[in-house]
Amino acid sequence: MIIKNTITMKTMLMLMAMVCLLVQPAMSRGTMTERIPVEPGQTLKVDLRTGATLNVKTWSENAVEARMEVIECSGGDVELSMRARPDGAEIRSDFRSQRNGHSVRTEIVIDVMVPESFNLEVSSLGGSVNVDGLRGSLS
C-alpha cells in the first residue's frame with residue numbers, strides 16, 4: 001500500500017510540473033527575465049504578435065537572456081514566453097485576452113543578449129528592432 005501511494009504522489013508531482021511548464025504568464029504590466037543556454041551559430045526566432053520594441057545586443061556567453069517588460073497593455077492581457085528550440089531559442093508575445101470591439105494599446109520592451117555569432121529571425125506586428133554587434137543572418 002505504501003508503494004502505491006508513492007507512485008501516485010510521484011505521478012501527481014510530474015503532472016503538476018508539466019502544467020507549470022505549459023502555462024505562460026499573462027501580464028497587463030510587469031517584467032520577467034528568462035535565460036536559455038545556446039551555442040554560437042544557432043538562431044533566435046522572435047514572433048511578436050503584439051508588436052514591441054526589440055533591442056538585441058551581443059555578449060560572450062553561450063546563452064540567450066531576455067528581459068521582457070510590459071509597460072502598458074490596455075484592453076487585455078499579454079502573454080510573453082521564451083523557450084528552447086533544437087536550433088536555438090524562441091521569444092513570443094501574443095494577446096491572451098482582448099475586449100472585443102475595443103482597440104488595444106501596448107508598450108512592450110524586450111532586451112535580449114545573444115552570442116556574437118548568432119542568427120536572428122524577427123516577425124512583428126509593429127514597433128522597432130535594434131540590433132548591435134551581431135555577426136550572423138538577420139531576417
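Here's a quick briefing on the fold, the core, the salt bridges and the surface of this protein chain. You're looking at a predicted model, where local features need pLDDT of at least 70, side-chain atom pairs count only at pLDDT 80 or more, and totals for chains, interfaces and linings use all residues. Residue numbers run from 1 along each chain as its sequence is written, and side-chain values use heavy atoms, with hydrogens and water left out.

**Overall fold**

- Going along the sequence, the order is α-β-β-β-β-β-β-β-β-β-β.
- Take the contacts (heavy atoms within 4.5 Å) with a separation of 6 or more: 76% of them join residues 24 or more positions apart.
- Of the 139 residues, 32% count as buried; buried means under 20% relative accessible area, exposed means over 50%, and partly exposed is in between, with a 1.4 Å probe and protein chains only.
- The accessible surface of the chain is about 8500 Å², and carbon and sulfur atoms own 54% of that; areas come from the Shrake-Rupley method with a 1.4 Å probe, and for residues only the protein chains shown count as cover.

**The nonpolar core**

- The largest nonpolar core has 25 residues; a core here is a set of buried Ala, Val, Leu, Ile, Met, Phe, Trp, Tyr and Cys residues joined through side-chain atoms within 4.5 Å.
- Inside this core, the residues with the most contacts are L44, V64, M68, I91, I110, V112 and V114.
- At least two core residues come from each of β2 (30-37), β3 (43-48), β4 (53-59), β5 (63-74), β6 (76-85), β7 (88-98) and β8 (105-115).

**Salt bridges**

- Side chains of opposite charge can pair when their charged atoms come close.
- The whole structure holds 10 salt bridges, each being a side-chain nitrogen of Lys or Arg within 4 Å of a carboxyl oxygen of Asp or Glu.
- R83 and E90 pair up at 2.8 Å, N to O; R83 is partly exposed at 45% relative accessibility, while E90 is buried at 10%.
- D87 and R85 meet at 3.1 Å, N to O, with D87 partly exposed at 28% and R85 partly exposed at 23%.
- E69 bridges to R67, with the closest N and O atoms 3.2 Å apart; E69 is partly exposed at 23%, and R67 is partly exposed at 36%.
- D47, R49, R92 and D94 are linked in a network of salt bridges.

- V129, V131 and L138 make a nonpolar surface patch with about 230 Å² of accessible area together; patches take residues with over 30% relative accessible area and no salt bridge, joining like charges within 9 Å and nonpolar side chains (Val, Leu, Ile, Met, Phe, Trp, Tyr) within 5 Å.
- L138 sits in the segment after β10 (129-132) and is exposed, at 51% relative accessible area.
- G133 is also placed in the segment after β10, and G133 is partly exposed at 41%.
- G133 and E116 are 17 residues apart in sequence and 6.6 Å apart C-alpha to C-alpha.
- Beyond neighbours within four places in sequence, G133 is in contact with T58 and E116.

Definitions and conventions. Helix = DSSP H or I, 4+ residues; strand = E, 2+ residues; numbered from the N terminus.
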